[in-house]
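Hello,

Here is the structure for you to look at. My notes on it follow below.

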Amino acid sequence: MIALAVHGPMSLDRLAADQDIPRRYCGDVLRFLRQADLVHSQRGSDGGYRLAHPAERITLADVIQATEGVSPPPPHFSGAAEPLTEIWERLHRHQSTLLSEITLAHVIGSSNEETTHR
């Protein structure tokens, strides 16, 4: 998703090579992203994959949910470890909130800022 946000439309072969992942695996991930309406595909010589929405509207939570599914609920502890249950619940809520706030545009921006400041 970051590669598509940075480079624009890309073929499956180029994406797989660019990300150094097997073509078949890349195709599976793109299928999940397409089913979630996060990417669109186009066949033909000018074909490839592109973001279905502006990078500012796609969150990391969207991408993770499309590729990994819904995260399981935090564990419940009993006995002496029971206080950990609330800590794990808070951690889960913070993680969900953070991933829902960070967009592809944020990631690209922070990547560009790091490159600029080096």
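Arg31 and Asp28 sit three residues apart in helix H3, so about one helical turn separates them. Helices (H or I, at least four residues) are DSSP runs numbered from the N terminus, as are strands (E, at least two).

This is a predicted model, in which local features need pLDDT of at least 70 and side-chain atom pairs count only at pLDDT 80 or more, while totals for chains, interfaces and linings use all residues. Residues are numbered from 1 along each chain as its sequence is written, and side-chain values use heavy atoms, with hydrogens and water left out.

Arg31 and Asp28 form a salt bridge, with 3.6 Å between the closest N and O atoms. A salt bridge here is a side-chain nitrogen of Lys or Arg within 4 Å of a carboxyl oxygen of Asp or Glu. The structure holds two of them. The other joins the side chains of Asp13 and Arg23 at 2.4 Å, N to O. This pair links distant parts of the chain, ten residues apart: Asp13 is in helix H2 (residues 12-19) and Arg23 in helix H3 (residues 23-35).

Asp13 is partly exposed at 46% relative accessibility, and Arg23 is partly exposed at 48%. Buried means under 20% relative accessible area, exposed over 50%, and partly exposed in between (1.4 Å probe, protein chains only).

Regards
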